Amino acid sequence: MEFSLFDQRRYPTVDVRSGYGEWVGEYESSVCDTMDLRLLDGLSLSWDGDVLDLACGTGRVGAWLTERWTERGASCIDGVDLTPEMLERAKDRSIYRSLTVGDIRDTGLPSSTYDTVVQSLADEHLPSLQPLYTEAARLTRPGGQFVIVGFHPHFLMQGVPTHYHRGDGEAVGIESYVHLASDHFVAAVASGWTLTNFTEGLVDDDWVAVKPKWEKFRHHPVSYAMVWSKRS
Ligand SMILES: C[S@@+](CC[C@H](N)C(=O)[O-])C[C@H]1O[C@@H](n2cnc3c(N)ncnc32)[C@H](O)[C@@H]1O
């Protein structure tokens, strides 16, 4: 569904590449780790082997993962993103084996290459989920996993789009869509995935400590994580 069906804020809206190209300087100081990294921590997954970070942005997930790998030995991570300015920041971290400017629905990367494909905080920008799940399945080795973490559709339906603030304080929305959990299920199963874990993050004390204005959203689901396994 189009986010405009639920929009209560009427921010001017820009496309993904323009939006993240403009947001890049303030991006990391405005995205809370409680949104996605806390959920990733809670999944207790094995991240051994080759990993692809779809919509890697500035490399937050890569940095989180590299810290864990350092404790247990080396693995490799590649990244893909549509916004060159975001990828430049990821490059500065010197943790990715390769970084590619491209679309996560058609990366051009070789098939059956990765043990884990991960994607955090980007699915709301896709009009349809099917191309994402199909491409993730193509890129993953048999027996591999697709870990997807996202902004909860409930929050979008509360009228809050993915947005940032310009230097003059103006709020700007980035083109967004609402995908229900059943949309994920239908797209994933059609691409050969089996759901092995599904969790949701709520607005709680940790959130309100960082964003006091979100007291009004306390107990609402704000993010989700799903783990999909590819049949061997
Ligand atoms: C909210 S950021 C998330 C970045 C990173 N995963 C993180 O957790 O910080 C969303 C990212 O998705 C990227 N993106 C959105 N749609 C995309 C697409 N179709 N193909 C590739 N990247 C896309 C944007 O360029 C942006 O860097």
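Analyst: What follows is a short walk through a predicted model, from its core to its strands and then to its ligand.

User: Which residues have the most contacts inside the largest nonpolar core?

Analyst: As a general idea, nonpolar side chains in soluble globular proteins tend to be buried together. Here the largest nonpolar core has 42 residues, and Leu54, Val117 and Ala136 are those with the most contacts inside it. A second, separate core has eight residues, among them Phe3, Phe155, Val203 and Trp207. Leaving aside residues up to four places away in sequence, Val117 touches Leu52, Leu54, Ala136, Leu139, Thr140 and Phe146.

User: Why is strand β5 described as largely enclosed by the rest of the structure?

Analyst: Six of the seven residues of β5, which spans residues 114-120, are buried, so the strand is largely enclosed by the rest of the structure. Strand β2 (residues 50-54) runs parallel to β5 and is joined to it by four bridges, with Leu52 standing opposite Val117. Strand β6 (residues 140-151) also pairs with β5 in the parallel sense, over six bridges, and there Ile148 is the bridge partner of Gln119.

User: How many residues surround the ligand, and which are the closest?

Analyst: The ligand is surrounded by 21 residues, of which Ala55, Gly57, Leu82, Thr83 and Ala122 are the closest. By class, the shell divides into 11 nonpolar, five polar and five charged residues. Helices α1 (16-30) and α3 (60-72) each supply at least two residues of that shell.

User: Where does α1 meet α4?

Analyst: Tyr20, Gly21 and Val24 in α1 meet Glu85, Met86 and Arg89 in α4, and the axes of the two helices come within 7 Å, crossing at roughly 35°.

Terms used: Residues numbered from 1 in each chain as written. Predicted model: local features only at pLDDT ≥ 70, side-chain atom pairs only at ≥ 80, totals over all residues. Near = placed C-beta within 6 Å. Nonpolar A, V, L, I, M, F, W, Y, C, P; charged D, E, K, R; others polar. Axes fitted to C-alpha atoms, helices over the stretch in contact; angles between N-to-C directions. Contact = placed C-beta atoms within 7 Å. Core = buried A, V, L, I, M, F, W, Y, C linked by C-beta atoms within 7 Å. Buried ≥ 20, exposed ≤ 12 C-beta atoms within 10 Å, placed from the backbone. Pairing = 2+ DSSP bridges.
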